[in-house]
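Hi,

Here is the structure I promised to pass on. Have a look at it first, and then read on for what turned up.

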Amino acid sequence: MDLSTDYMGLKLKHPIIASSSPLSETLEGIKLLEDSGASAIVMFSLFEEKIRRENEAFDYFIETGTESFAESINYFPSIDKAPKGPDSYLNLIRKAVQATDIPIIGSLNGITDKGWIDYAKQIQEAGASAIELNVFFLPTDIDMLSSTVEQRYFDILKAVKAAVAIPVAIKLSPFFSATGNMAKRLDEAGADALVLFNRFYQPDIDLDNLKIDPRAELSTISEIRLPLLWIAVLYGHIKASLAASRGVHSSTEIIKYLLAGADVVMVASVLMKNGPHYLNVLKNETDQWLTARGYHSLAEVRGILSRQNIWDPGVLYERVNYIKVLESFEKPSGWYGKQSKV
Ligand SMILES: Cc1cc2nc3c(=O)[nH]c(=O)nc-3n(C[C@H](O)[C@H](O)[C@H](O)COP(=O)(O)O)c2cc1C
């Protein structure tokens, strides 16, 4: 079975990529991902905000120290503890590129134009094969217009594209009012790949302590539905590669994403839960499913259930389907007229 695929010009042996996660925080982790069968690795994100915070905290201690008693000098962070900025991240990329034979994709989350541009250049110089822009940005300012939010994505993409020569992927939010058009315009603006979708931080409320519970949870299988829909809609309509991200916990979700039209499928939660070795299980099961159905290559199946390739997409992917789904729900029997005893 030829599982090879092209992801924004990178030739991959198969479509399963290790998504950005803490598993790539060490060289050992990165090597383990490769040994476990990842066809490429997206590094955990370099956060400009984190670097700034570390610098500010260090400057604060140093400045406060100049006005304090001499003996308090012991409490100050020593100069060798000075924040290293992006150095450790960039060094890790350098080592990962040397130690592996698969593409290493840097991941960047900036906050200023300079940050996006400078760090993107440095990630390229460190040897990354591509960059993924993690535009994690929650517009909680309710005065901010949707056009302003969208423009931010274009500005970041254009600035980074102008600064580097390696391919640039952009990880999208699922929360645009016209997701398809946004994807089309990002494609036109030069995105080499679209990663659908980012998983936003959504805090819960802890009722026992009446506090915000900031814990993040791993994804669940049902989360594939939204990326699946948009990949099926976009397949064949944009030049950029399509990366599916979210909700893969078995080969079933991978196969669905490929049939919808994904070039690659990214996995994070399933590896956090079962360990990196699970990559091999996912790959073998995908291979077996396709072989058992008489396929010889990924290219034969990619997109066969996309919107453009199925009979009457209006019925299957849009309004009529919506109405049918609502009508298909069975009401629980014996429910009407009963008073709640609670
Ligand atoms: C613990 C954890 C850390 C993550 N860190 C990052 C990150 O640094 N940058 C990023 O773009 N995505 C990050 N992600 C998001 C994943 O790359 C992925 O897009 C998301 O989890 C959906 O895929 P999944 O269902 O396979 O987990 C993280 C996910 C998890 C679970």
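An oxygen atom of the ligand sits 2.8 Å from a polar backbone atom of Ala 268. Bear in mind that this is a predicted model. Of the 610 Å² of accessible area that the ligand has on its own, the protein covers 84%. There are 18 residues around the ligand, and those that come nearest are Ser 20, Ser 45, Ser 219, Gly 247 and Ser 269.

Another serine to look at is Ser 245, in strand β11 (residues 241-245). Is Ser 245 buried or exposed? Its relative accessibility is 8%, and because the cut-off for buried is under 20%, Ser 245 counts as buried. Leaving out residues up to four places away in sequence, Ser 245 touches Ser 19, Lys 171, Val 195, Leu 196, Phe 197, Pro 227, Tyr 257 and Met 266.

Now the packing. The largest nonpolar core has 79 residues, and Leu 133 and Ile 170 touch the most other members. Helix α5 (residues 146-163) gives the most to this core, with 7 residues. Beyond its neighbours within four places in sequence, Leu 133 is in contact with Leu 108, Trp 116, Ile 156, Leu 157, Val 160, Val 168, Ala 169, Ile 170 and Lys 171. There is also a second, separate core of 15 residues, with Leu 10, Leu 12, Ile 17 and Ala 40 among them.

Last, the aromatics: searching the whole structure gives 2 aromatic pairs. One is Phe 44 with Tyr 89, edge-to-face, at 5.1 Å centre to centre and 80 degrees between the planes. This pair links distant parts of the chain, with Phe 44 in strand β4 (residues 41-47) and Tyr 89 in helix α3 (residues 87-99), 45 residues apart. Phe 44 and Tyr 89 are both buried.

Tyr 153 and Phe 176 also pair up: their ring centres are 5.1 Å apart and their planes are at 75 degrees, so this pair is edge-to-face. Tyr 153 belongs to helix α5, while Phe 176 is in the loop between β7 (168-172) and α6 (179-188), 23 residues apart. Tyr 153 and Phe 176 are both buried.

Cheers

Terms used:
Residues numbered from 1 in each chain as written. Predicted model: local features only at pLDDT ≥ 70, side-chain atom pairs only at ≥ 80, totals over all residues. Heavy atoms only, no water. Core = buried A, V, L, I, M, F, W, Y, C linked by side-chain atoms within 4.5 Å. Buried < 20%, exposed > 50% of the residue type's maximum accessible area, 1.4 Å probe, protein only. Helix = DSSP H or I, 4+ residues; strand = E, 2+ residues; numbered from the N terminus. Contact = heavy atoms within 4.5 Å. Near = heavy atom within 4 Å. Polar contact = N/O pair within 3.5 Å; in protein donor to acceptor, adjacent residues only side chain to side chain. Areas by Shrake-Rupley, 256 points an atom, 1.4 Å probe, with all protein chains shown as cover. Phe/Tyr/Trp six-rings, centres within 6.5 Å; stacked < 30°, edge-to-face > 60°.
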